[in-house]
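This briefing describes a protein chain from its overall fold down to selected side-chain arrangements. Please consult the sequence and the coordinates alongside the text.

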Amino acid sequence: MMSRPVERLFFTLDTPSCPLHEIDGVVRGLVPVLDGLALIGEGMGLGGVVGILGRRTLFPLTAETHQFSSGFISREIQLNGVSLKYLSKACVDKPYRKLKTLLSPLYLQSKVFRPLYIMLMAGRTLIRVKSRYIRLKKYGAVHMMYRINGSEVEVTARRETPKSMRILVANELSGRLFTHLMIDGVKKFLPPWMKLENRDVELVSPSLKLSMIIDRPDDVKSFAGREVLGNRLDWAGISLEFPEEEDILHYRLVFKELE
């Protein structure tokens, strides 16, 4: 896969902070910056990590960077936190989670019921229900290596987690900037969550005239999605799941300018 380098693009670990964002406080991945604009939005960045153990989602709240040079970054991302919902000082996580569990399938699968879920999320913002990330013991870690060559990034992830834990490696940017996919030359608008069957997909930003192509192994489960809501949700991207019994995941990202 060859493309002309995007000269105005560089990569950093400096994540812009926004207390209004749903994910504020979580360790995220590599941040692409174009002409001084961080493209991450509220997304997990490139090579961000989330663990799923049973019904609980584990977030990384700490990380250790072992090596940082212009073309190579080595980092250990530690899965040691959970998200709880609070209304002022009161924890409302259990009732909120029950309601979300009831409505989430309708939100993900039905365009008809999706506005109801969006109203719930907007109402949650109005009454100031907020996520708080609570630090727990370390349940595992994922060692990330990012090799940067111009506007291409090779990502290698090595897991040190319980075998029963699912690991998702997210590649998420701003949903306001990146609005759709190109799959086999066909434009596809992104729902909140969908499974990908094609190996090579392209995440497109019409306003920036920029796209991100993800080149991944055939045997890796992949998911795409996009959510934009007020100041809270602003992400679009593609997540890869570690294959069962595999401890290493390798893939490549390529940014290119559109005509």
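Does Val 142 count as buried or exposed? In this predicted model, Val 142 counts as buried, because its relative accessibility is 0%. The chain around this residue has 259 residues, of which 53% count as buried.

**Overall architecture**
- Two helices and 18 strands make up the secondary structure of the chain.
- Of the contacts between residues at least 6 apart in sequence, 66% join residues at least 24 apart.
- The accessible surface of the chain is about 13200 Å², and carbon and sulfur atoms account for 54% of it.

**Surroundings of Val 142**
- Val 142 belongs to strand β8, which spans residues 129-149.
- Beyond its neighbours within four places in sequence, Val 142 has contacts that include Val 49, Ile 77, Leu 79, Ala 157 and Ile 167.
- The C-alpha atoms of Val 142 and Ile 248 are 9.5 Å apart, although 106 residues separate the two in sequence.

**Aromatic pairs**
- The count of aromatic pairs comes to three.
- Phe 11 and Phe 255 form a tilted pair, because their planes are at 55°, with the ring centres 5.8 Å apart.
- Phe 11 lies in strand β1 and Phe 255 in strand β18, so this pair ties together parts 244 residues apart in sequence.
- Phe 11 is buried at 10% relative accessible area, and Phe 255 is buried at 0%.
- Phe 59 and Tyr 133 form an edge-to-face pair, with 5.3 Å between centres and 80° between planes.
- Phe 59 in strand β5 and Tyr 133 in strand β8 are 74 residues apart in sequence.

**Charges over rings**
- Lys 137 lies over the face of Tyr 139, 5.1 Å from the ring centre.
- The charged end of Arg 159 sits over the ring of Phe 242, at 5.7 Å from its centre.

Definitions and conventions:
Residues are numbered from 1 along each chain as its sequence is written. This is a predicted model: local features need pLDDT of at least 70, side-chain atom pairs count only at pLDDT 80 or more; totals for chains, interfaces and linings use all residues. Side-chain values use heavy atoms; hydrogens and water are left out. Helices (H or I, at least four residues) and strands (E, at least two) are DSSP runs, numbered from the N terminus. Buried means under 20% relative accessible area, exposed over 50%, partly exposed in between (1.4 Å probe, protein chains only). Contact means heavy atoms within 4.5 Å. Accessible areas come from the Shrake-Rupley method with a 1.4 Å probe; for residues, only the protein chains shown count as cover. Rings of Phe, Tyr and Trp (its six-membered ring) pair if their centres lie within 6.5 Å; planes under 30 degrees apart count as stacked, over 60 as edge-to-face and the rest as tilted. A charge sits over a ring if NZ of Lys or CZ of Arg is within 6 Å of the ring centre and within 35 degrees of the ring normal.
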